[in-house]
Amino acid sequence: MTGGRENVGIVIVSHSPLVARGAADMVRQMVGDSVPLAWCGGNPAGGLGTDTGAILKAIEEAWSEAGVAIFVDLGGAETNSEMAVEMVDKGRAGRIVICNAPIVEGAVIAAAEASGGASLAKVVATAQELSPT
Amino acid sequence: MIVISEPGNAHDCAAWMGRVIEACRDAIATEENRLCDLDRAIGDGDHGTNMRRGLEALASERQRLSAMPFAEAMIAAGTILVMNIGGAAGPLYGTLLLEIGKGLSIDGLEFPQVFQKAVTAVAQRGRSSPGDKTLLDVLYPLSDELTKHTHPQRLAGKVQGFADMTIEMKALRGRASFLGERSVGHMDPGAASCALLAATVCRELTEAGVA
Ligand SMILES: [Mg+2]
């Protein structure tokens, strides 16, 4: 988690720590240390699920003044991420976006975009182009 | 829960809150397997375990919660549920309690109005509506009964009927929606836990002679 602090950060939230970590590995392979990146997966007891506290920590870890784009898998990851964003202090919450994009492809494409110094809006738009509607 | 926002006696209220939390924890613990079975049929099978973890966390903090003013305790309890349930139910139940707490802090609102607003907030959080086969199918009729000032004892006997109505519904939200028509014929686990908790709170209100 060194370097690239000025670039948009990426957070990956899956129900499974293996999925989250695997997606993060793929991001790192693409962009190295040039974007802040954090992941979390699993419920507070370590099983499959989501953990709002862990999401908050991941946002903190990947924080960039340029903002943070969050990638989620299924419903609970999205709802818990929304809850986490509401718990972040107000000055930051406006610079965090939960993306409507596939978790792996979205995170990789967003990170590639972010590594070039793109704005949060551009990073999010590029990832969301992957999702129809 | 209904008129306890104006407790005659702060000490009674604190003791009552502690008892309600324990009763809810016990009810969920007893029904954990049934809730998991319901979730296994149309979802991922973790609802009972998740709810149990949430209620255990709440119970372990019941002394701290009981010492707080009611509205504050609701906000703190909502946060505990969000942080501990570990599934979509966390933000949904958490939002319900957080919004009840916030609503009670607004002067001039009666509990039924506060509850109604909180239920709307849960619907927004889940981006769902009544009829989607979720816990909202218990919360909305429950809110209507509160507005009609139905006695908690009667309400305790009615809420399971609301959850039963979800059996014939087709799921439109959550993982059960992936099953489409195959979700018909199963009770929604969120509606089931919601009915269970509502009945438990209503019974505690009845026992405490609050109505
Ligand atoms: Mg589940």
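**Close-up views of a two-chain predicted model**

**View 1. A salt bridge joins A:E86 and B:R125.** In this predicted model, the two side chains meet with N to O at 2.8 Å. A salt bridge here is a side-chain nitrogen of Lys or Arg within 4 Å of a carboxyl oxygen of Asp or Glu. The rule finds four salt bridges across the interface of chain A and chain B. Local features need pLDDT of at least 70, side-chain atom pairs count only at pLDDT 80 or more, and totals for chains, interfaces and linings use all residues; side-chain values use heavy atoms, without hydrogens or water. Residues are numbered from 1 along each chain as its sequence is written, and chains are lettered from A in the order in which they are written.

**View 2. Chain A and chain B bury about 1400 Å² between them.** Buried area is the accessible area (1.4 Å probe) that two parts lose on being put together, summed over both. Carbon and sulfur atoms carry 56% of it. On the chain A side, A:L74, A:T79 and A:M83 lose the most area to chain B, together 32% of what that side buries. Contact (heavy atoms within 4.5 Å) involves 20 residues of chain A and 17 residues of chain B.

**View 3. Seven residue pairs are in polar contact between chain A and chain B, both residues at pLDDT 80 or more.** A polar contact is a pair of N or O atoms within 3.5 Å; within protein, one must be able to donate a hydrogen and the other to accept it, and residues adjacent in sequence count only if both atoms are side-chain atoms. On the side of chain A that touches chain B, α2 (52-61) and α3 each supply at least two residues. Helices are DSSP runs (H or I, at least four residues), numbered from the N terminus. The largest share, eight residues, comes from α3(A).

**View 4. The largest pocket has a volume of about 970 Å³.** A pocket is an open set of points on a 1 Å grid over the protein atoms alone, where a 1.4 Å probe fits, with protein on both sides within 12 Å along at least five of seven lines; lining residues have an atom within 4 Å of a point. The volume is the space filled by probe spheres set on the points, which are joined across faces, edges and corners. Of its 50 lining residues, A:G75, A:G76, B:A88, B:G174 and B:R175 are the closest to its centre. The largest share of the lining, five residues, comes from α3(A).

**View 5. B:R62 forms a salt bridge with B:E22.** The closest N and O atoms are 2.7 Å apart. The pair links helix α3 (residues 62-66) to helix α1 of chain B, 40 residues apart.
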